[in-house]
Amino acid sequence: MSFSLYDASAPVYLNMLRNLVAILDKAAAHAQANGGDIATYLDARLAPDMHPLSRQIQMVSDGAKGGVARLAGVEAPSMPDTETTFAELKERLAKTIAYVESLKQEQIAGREDETIELKFPGQTMTFTGASFLTTFSMPNFMFHVTTAYAILRAQGVPLGKMDFLAGARMAGA
């Protein structure tokens, strides 16, 4: 069996979503252990012109659910960006994980050459399924996961490379 578009998408999204949940758990534990206010993390950002942590996590969710939905040729569920607490953000990530898990390999199989169009104000970007995943969807998703990680790291949360790469597996160990 060859490596498929599904293999390169859904399992990667799921792994990183679960790692981000473990990273958020570690951030909450760090705040509690140090008498910090976890709510301050939600508004933290790396630079004044970048989105805060809460929006980064919403964009991670949007990237994963939108990525697999477009690859499968279906509509992604709508999730309004209303989360204001760690618990709400973790619930959104749980819903995103459940959605990604609900899509089956057969829905994405063979769609490498299907046309995917992204419409932005004043611009439309056109991709094949394969180029959408490799040049837009996965890089965009990883950007926001990395930025969320970096924001928490900059806030003093003791995170390392293995939290990013294997956070969920480490948390369950």
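**Pockets, helices and aromatic contacts in the predicted model**

The largest pocket holds about 250 Å³ of space. By class, the lining of the largest pocket divides into 5 nonpolar, 6 polar and 4 charged residues. Three elements, namely helix 3 (53-72), strand 1 and helix 6, each supply at least two residues of this lining. Helix 3 gives the most, with 7 residues.

The second largest pocket contains about 170 Å³ of space. Its lining is made up of D62, K65, G66, A69, R70, V74, E75, A76, P77 and S78. In this lining, 4 residues are nonpolar, 2 are polar and 4 are charged.

Helix 3, which gives the most residues to the lining of the largest pocket, has 20 residues and reaches 29 Å from its first C-alpha to its last. This span is close to the 28 Å expected at 1.5 Å a residue. G73 follows helix 3 and has a positive phi, near 75 degrees. Helix 1 has 24 residues and extends 35 Å from its first C-alpha to its last, close to the 34 Å expected at 1.5 Å a residue. After helix 1 comes G35, again with a positive phi, in this case near 65 degrees.

Strand 1 and strand 2 (residues 123-128) pair in the antiparallel sense over 6 bridges. Within this pairing, L118 stands opposite M125 in strand 2, and K119 has T124 of strand 2 as its bridge partner. The hairpin formed by the two strands has 2 residues between them, and G122 takes a positive phi near 80 degrees in this hairpin. M125, in strand 2, counts as partly exposed at 25% relative accessibility. The C-alpha atom of M125 is separated by 24 Å from that of I57, the two residues being 68 residues apart along the chain.

The aromatic rings of the model were examined next. The count of aromatic pairs comes to 7. Y13 and F141 form an edge-to-face pair, with 4.9 Å centre to centre and 85 degrees between the planes. This pair links distant parts of the chain, as Y13 lies in helix 1 (residues 10-33) and F141 in helix 6 (residues 129-154), 128 residues apart. Both Y13 and F141 are buried.

A tilted aromatic pair is formed by F120 and F136, at 6.4 Å centre to centre and with 55 degrees between the planes. F120 lies in strand 1 (residues 115-120) and F136 in helix 6, so the pair ties together parts that are 16 residues apart in sequence. F120 is partly exposed, with a relative accessible area of 36%. F136 is likewise partly exposed, its relative accessible area being 24%. The buried class requires a value under 20%, whereas F136 has 24%. F120 and F136 also belong to one aromatic cluster, together with F127 and F132.

Helix 7 (residues 161-171) contains M162. At 45% relative accessibility, M162 counts as partly exposed. The exposed class begins over 50%, while the value for M162 is 45%. The C-alpha atoms of M162 and V68 are separated by 25 Å, the residues lying 94 residues apart along the chain.

Technical notes: Residues numbered from 1 in each chain as written. Predicted model: local features only at pLDDT ≥ 70, side-chain atom pairs only at ≥ 80, totals over all residues. Heavy atoms only, no water. Phe/Tyr/Trp six-rings, centres within 6.5 Å; stacked < 30°, edge-to-face > 60°. Helix = DSSP H or I, 4+ residues; strand = E, 2+ residues; numbered from the N terminus. Buried < 20%, exposed > 50% of the residue type's maximum accessible area, 1.4 Å probe, protein only. Pairing = 2+ DSSP bridges. 1 Å grid on protein atoms, 1.4 Å probe; cavity = no way out; pocket = protein on both sides within 12 Å on 5 of 7 lines; lining within 4 Å. Points joined across faces, edges and corners; volume = space filled by probe spheres on them. Nonpolar A, V, L, I, M, F, W, Y, C, P; charged D, E, K, R; others polar. Expected span 1.5 Å × (residues − 1).
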